[in-house]
Amino acid sequence: MDPLDTVRVEHDSTFALMLECQRRGLEVRELRQEWLFAVGGQTHSRMRTVEVQREAGRHFRVLHDGDAKLSDLDVVFLRKDPPADVEYVWATQLIELSPGPLWINHPRGLRAANEKLFSLRYPELIPETLVTRELPRLRKFLEAHGGDGVVKPLDGYGGMGVLRVRRADSNFSALLEIATHGGRVPVMAQAYLPAVTEGDKRIILLGGEPIGAVLRVPASGELRANFASGGSGASSVITERDREICRRLAPDLIELGLWFVGIDVIGGMLTEVNVTSPTGLVEIDALSGLSLGSQVIDFALAKHSRP
């Protein structure tokens with residue numbers, strides 16, 4: 001995970017899972033990507049055994065701090081935030097040296113499923129989409145969709161770097177140049193979906209099945225609905241269209257060991273498949289009275305005991 005010191009205890013899904021594990025009397029350890037090391041064909045890590053509480057600034061206490069093999073663990077949640085850069089890829093390769101734990105999510109799935117590009121496998125479910133670094137091709141695509149679209153970096157998260165670009169904007173060309181670093185970095189462009197003003201639905205899938213949803217509503221004057229960008233949560237239901245999308249994704253997610261996933265749906269269209277550190281558990285629980293964290297831990301324990 002990212003440093004426990006910096007988590008937002010009222011929002012962070014990883015922290016909610018830690019609280020649920022502790023409630024059950026399970027030992028909770030914090031691991032970080034930079035603490036991994038390999039020796040003798042085995043991957044080890046510095047690990048901090050912690051006690052947690054939902055009190056900002058006093059949310060954890062270290063009970064033990066030392067090195068151990070990853071193979072000593074039962075379940076490991078791999079929940080570092082993107083970007084999935086080369087160091088992230090190296091970490092997934094190190095982790096796979098250690099058979100034994102249940103990985104949520106599996107390293108091979110994390111390597112295979114870029115959160116933007118994975119959706120391209122399902123062209124019938126997504127908005128009209130182009131991935132390119134070529135500025136003329138990007139302009140032509142946006143022109144073909146009314147001169148109004150959304151451009152996203154391929155390695156972003158939390159809405160970071162997402163731009164709405166419109167032909168009528170005098171900065172239109174400059175924004176495309178900024179997004180692609182002058183045509184050197186590919187981006188994802190999609191036709192603008194007006195339904196985004198009503199909200200961006202986050203659906204949590206567990207073992208390929210939808211278990212809860214929240215509508216993330218953008219703040220006034222903001223395109224992005226992500227909680228990290230100031231979006232607020234509203235109650236939502238899982239519709240038949242949502243279930244259709246989930247059924248289409250489920251076989252691929254299961255094959256890759258992507259057990260715990262958050263998908264984003266706007267106006268009935270799939271826009272992202274979040275596999276590294278999907279959020280929304282706390283907000284869904286607060287709005288629905290569910291306990292998704294409990295369901296996730298039930299799943300993990302059952303999956304570990306019955307591979």
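I began with the crossing of α4 and α5, which is right-handed (left-handed would have the near helix turned anticlockwise from the far one by less than a right angle; right-handed is clockwise). The model is predicted: local features need pLDDT of at least 70, side-chain atom pairs count only at pLDDT 80 or more, and totals for chains, interfaces and linings use all residues. Residues are numbered from 1 along each chain as its sequence is written, and side-chain values use heavy atoms, with hydrogens and water left out.

I looked up the helix pair next. Helix α4 (residues 135–144) packs with helix α5 (residues 172–179) at about 125 degrees, their axes 11 Å apart. Axes are lines fitted to C-alpha atoms, for helices over the stretch in contact, and angles run from 0 to 180 degrees between N-to-C directions. Helices (H or I, at least four residues) and strands (E, at least two) are DSSP runs, numbered from the N terminus.

I listed the contact (heavy atoms within 4.5 Å). Leu135, Leu138, Arg139 and Leu142 of α4 meet Phe172, Ser173, Leu176 and Glu177 of α5.

Then I turned to the sheet. It is open, with four strands in the order β7-β10-β8-β9 and antiparallel pairing; strands pair if DSSP finds at least two bridges between them. β7 (129–132) and β9 (163–166) are the edges, each with a single partner strand, so one side of each has no neighbour in the sheet. The twist averages 25 degrees from one strand to the next.

I checked one pair. β8 (residues 148–153) and β10 (residues 187–191) are antiparallel over five bridges. Gly149 has Ala191 in β10 as its bridge partner.

Last, I placed the helices. α5 packs on the sheet, touching β8, β9 and β10, at about 145 degrees to β9. α4 lies across β7, β8, β9 and β10, at about 170 degrees to β7.
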